[in-house]
Amino acid sequence: MNTSDILAHFGLKPSGTQIVHSPIDGAEIGRVAYDDAKSVEEKIGKSVQAFKAWREVPAPKRGELVRLFGDDLRANKEPLGRLVTLEAGKIVQEGLGEVQEMIDICDFAVGLSRQLYGLTIASERPGHRMMEQWLPAGVVGIVSAFNFPVAVWAWNAALALVCGDSVIWKPSEKTPLTALACQVLFERAAKRFAGAPAHLSQVILGLRDVGEAMARDPRVPVVSATGSTRMGRELAPVVAARFGKPILELGGNNAMIVAPSAKLDLALRAILFSAVGTAGQRCTSLRRLFVHDSIYDTLVPQLKAVYAKLPIGNPLDQSTLVGPLIDKQAFDNMERALGSARDEAGKISGGGRVLTDRFPHAFYVKPAIVEMKDQTPTVCHETFAPILYVMRYSKFDEAVAKQNAVPQGLSSCIFTQDMQEAEKFVSASGSDCGIANVNIGPSGAEIGGAFGGEKETGGGRESGSDAWKAYMRRQTATINYSDALPLAQGIEFAV
Ligand code: UN1
């Protein structure tokens with residue numbers, strides 16, 4: 001399928017004046033119209049109406065809508081995955097993987113729709129029952145980034161929908177077409193489901209102002225934002241100022257420790273996938289590698305040899321492993337980071353733009369390995385590009401301390417066969433991240449676990465486990481079925 005076939009498949013026609021470029025070659029692949037404050041305001045109004053009807057539908061029935069949507073995703077995995085490749089520049093395997101992640105979260109949410117449970121808590125008063133229940137929260141605003149243009153929305157939307165919420169999605173301005181395609185699929189599923197209110201899921205397109213308008217609106221009780229720490233720093237106070245609930249999944253600066261006992265072949269494969277996969281543009285990408293002194297001179301040369309052979313190119317080609325960066329700004333950021341690392345005595349292999357003859361309007365780069373003596377300020381900063389900072393360590397505790405000594409706290413891992421090290425790594429004094437893996441790279445998390453991290457990563461959790469609770473409001477309800485009115489704390493208050 002070529003670009004126009006895929007767009008036609010989703011019924012997407014150019015509308016509006018905003019040009020969408022493919023990072024593959026810089027070519028125009030579509031045009032969209034942006035929302036403004038007025039249309040955002042109207043869409044939120046419609047979302048409130050949708051919520052009022054949707055919250056009355058029993059949760060397992062709501063799950064049925066998500067099941068139908070999951071069916072549509074299964075049937076459209078190939079074209080949607082390709083559209084992700086065209087618009088975000090991911091290789092085909094990763095585009096398909098992303099749609100698979102959407103399918104998986106739909107399955108999870110369908111089961112969850114029968115498991116939205118509360119507790120019954122012993123009351124101190126006779127003839128009373130106290131319970132905690134979880135009720136639909138309202139309109140859930142979702143802000144997502146270009147690098148996971150469809151999956152991140154699905155993690156949020158599938159949960160929010162079974163929780164009885166309506167959703168409004170502000171995708172990255174770099175990837176509006178994939179969002180519109182998801183909207184088309186969702187509307188198809190909603191049509192087949194008897195009783196889905198209109199406007200249950202909507203998309204708002206535009207720049208920062210549009211996201212901010214949504215964040216400011218008190219009719220949106222929950223705003224889930226995935227993207228850079230800079231974005232979160234701006235958005236979260238706007239939501240908090242009106243006492244809305246933000247769910248933040250922001251930047252990462254993920255590390256791997258390779259211990260003396262590590263299976264180096266496994267570590268090598270994990271490093272490759274997590275450091276150069278998605279051209280280093282995952283929030284879970286591997287950015288810092290701590291290698292034990294005793295194996296440094298074995299592992300690092302091997303890594304450099306594999307890097308030198310990486311197939312960089314058109315992400316639509318099956319043999320490509322490294323596609324383009326999203327845009328020129330991403331390339332400039334990479335160049336700047338490499339420049340500062342050099343100033344900080346970093347030894348750089350790789351880096352720099354390639355394929356300029358074939359793709360003069362796109363930004364393909366050689367992934368870079370930068371050997372650093374210390375964890376300098378540049379290493380502590382997240383640059384959304386395939387740069388891997390490599391450092392030596394000699395003591396386990398020192399490696400864990402360095403791993404934790406950055407402002408971000410998303411994902412982390414250790415490669416070791418030493419049980420003590422593995423256990424220490426996931427203990428209270430080990431990794432301080434939201435994700436801590438043993439003998440697995442830091443990226444490519446399953447949807448079943450809660451996803452997110454600490455510190456500048458924002459503290460929010462999306463996806464699996466009990467992340468659903470953030471999309472509902474908690475209520476403590478106490479029922480008196482006695483003929484008396486005993487007060488709590490034994491207070492007597494009789495006239
Ligand atoms: C992101 O980059 O924002 O764990 C999400 C992973 C994917 C999700 C990444 N499941 O790498």
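Helices here are DSSP runs of H or I with at least four residues and strands are runs of E with at least two, both numbered from the N terminus. By that convention the protein, which is given as a predicted model, has 15 helices and 23 strands. Its radius of gyration is 24 Å, close to the 23 Å that the globule rule gives for 495 residues, so the protein is as compact as a globular protein of that length. Taken along the principal axes, the box that the C-alpha atoms fill comes to roughly 80 × 55 × 35 Å.

Two further totals describe how the chain packs. Of the 495 residues, 52% count as buried, and among contacts between residues at least 6 apart in sequence, 72% join residues at least 24 apart.

The ligand is surrounded by Glu101, Asn147, Phe148, Val152, Thr226, Arg282, Cys283, Thr284, Ser443, Gly444 and Ala445. Sorted by class, this shell has 4 nonpolar, 5 polar and 2 charged residues.

When its neighbours within four places in sequence are left aside, Thr178 is in contact with Leu83, Val84, Glu87, Pro149 and Val150.

Most residues other than glycine have a negative phi. Phe243, although it is not a glycine, has a positive phi of about 60°, and its place is in the loop between helix H9 (229–241) and strand S9 (245–249). Because Phe243 has 8 C-beta neighbours inside 10 Å, and 12 or fewer make a residue exposed, it counts as exposed.

Ser465, likewise not a glycine, has a positive phi of about 50°, and this residue is found in the loop between strand S22 (462–463) and strand S23 (472–480). With 13 C-beta neighbours inside 10 Å, Ser465 counts as partly exposed, since that class lies in between the cut-offs of 12 or fewer for exposed and 20 or more for buried.

Note on methods. Residues numbered from 1 in each chain as written. Predicted model: local features only at pLDDT ≥ 70, side-chain atom pairs only at ≥ 80, totals over all residues. Near = placed C-beta within 6 Å. Nonpolar A, V, L, I, M, F, W, Y, C, P; charged D, E, K, R; others polar. Contact = placed C-beta atoms within 7 Å. Rg over C-alpha atoms; globule rule 2.2 N^0.38 Å.
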